[in-house]
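Please study the sequence and the three-dimensional structure shown below. The paragraphs that follow lead through selected features step by step.

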Amino acid sequence: MAKKVTASDMPSTDFIDSAEILGQLIKAKRTELGIKLADCAALCRIGINTLSRIENGNANCTLAAVFSVLNGLGIKLTSKALTPTANSSSDEEWV
């Protein structure tokens, strides 16, 4: 009988401010979906070792690989800074 995927906990933080937190988020989403590491790597078109390094918070993984995983799992990174507000004017400068 095939081994079941054990769900990991979502990181308990308000911000993704490190490779470790991002890796925890990715692993939690993958395991929540019940996808094995090898299957997720194939879905995202990256190597198993690369996915493992991303989930373990290795900061030396490429952004292309990280975004392949995020897209493959349907994870969208958002920020209030990227969302236009009704009070913002078009001539405000970036600081």
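R30 is buried, with a relative accessible area of 7%. Here, buried means under 20% relative accessible area, exposed means over 50%, and partly exposed lies in between, with a 1.4 Å probe and only protein chains taken into account. The accessible areas come from the Shrake-Rupley method with a 1.4 Å probe, and for residues only the protein chains shown count as cover. The model is predicted, so local features need a pLDDT of at least 70 and side-chain atom pairs count only at pLDDT 80 or more, whereas totals for chains, interfaces and linings use all residues. Residues are numbered from 1 along each chain as its sequence is written, and side-chain values use heavy atoms, with hydrogens and water left out.

With which residue does R30 form a salt bridge? The partner is E55, and the N to O distance is 2.6 Å. A salt bridge is defined as a side-chain nitrogen of Lys or Arg within 4 Å of a carboxyl oxygen of Asp or Glu. Because R30 belongs to helix α1 and E55 to helix α3 (residues 48-55), this pair ties together parts that are 25 residues apart in sequence. E55 is also buried, at 9% relative accessibility.

The structure holds two salt bridges. K29 and E32 form one of them, and their closest N and O atoms are 3.9 Å apart. Both residues lie in helix α1, where a spacing of three residues separates them by about one helical turn. K29 is partly exposed, with a relative accessibility of 24%, while E32 is exposed at 53%.

The overall plan can now be described. The protein has four helices and zero strands, and its pattern along the sequence is α-α-α-α. Helices (H or I, at least four residues) and strands (E, at least two) are DSSP runs, numbered from the N terminus. The protein has 95 residues, of which 26% count as buried.

I26 is another residue of helix α1. Is I26 buried or exposed? I26 is buried, since its relative accessible area is 0%. The C-alpha atoms of I26 and P11 are 9.7 Å apart in space, although the two residues are 15 apart in sequence.

The segment before α1 deserves attention as well. V5 is found in this segment and is partly exposed, at 26% relative accessibility. Between the C-alpha atoms of V5 and L33 there are 8.8 Å in space, and 28 residues separate the pair in sequence. I16 also has its place in the segment before α1, and with 44% relative accessibility I16 is partly exposed. The C-alpha atom of I16 is separated by 9.2 Å from that of L77, which is 61 residues away along the chain.

I16 and L77 also take part in a surface feature. Together with L63 and F67, they make a nonpolar surface patch of about 400 Å². Patches consist of residues with over 30% relative accessible area and no salt bridge; like charges are joined within 9 Å, and nonpolar side chains (Val, Leu, Ile, Met, Phe, Trp, Tyr) within 5 Å. F67 is located in helix α4 (residues 63-73) and is partly exposed, with a relative accessible area of 42%.

The next topic is empty space. Rolling a probe the size of a water molecule over the atoms shows where such space is left. The second largest pocket contains about 160 Å³ of space. Its lining includes A19, L22, G23, I54, N58 and L63. The elements that give two or more residues to this lining are α1 (19-32) and α4, and the largest share, three residues, comes from α1. A pocket is found on a 1 Å grid over the protein atoms alone, as an open set of points where a 1.4 Å probe fits, with protein on both sides within 12 Å along at least five of seven lines; lining residues have an atom within 4 Å of a point. Grid points are joined across faces, edges and corners, and the volume is the space filled by probe spheres set on the points.

By class, the lining of the second largest pocket has seven nonpolar, three polar and no charged residues. In this classification, Ala, Val, Leu, Ile, Met, Phe, Trp, Tyr, Cys and Pro are nonpolar, Asp, Glu, Lys and Arg are charged, and the others, Gly among them, are polar.

Finally, R45 lies in the loop between α2 (37-44) and α3. R45 has a positive phi of about 60° although it is not a glycine, and R45 is exposed, with a relative accessible area of 78%.
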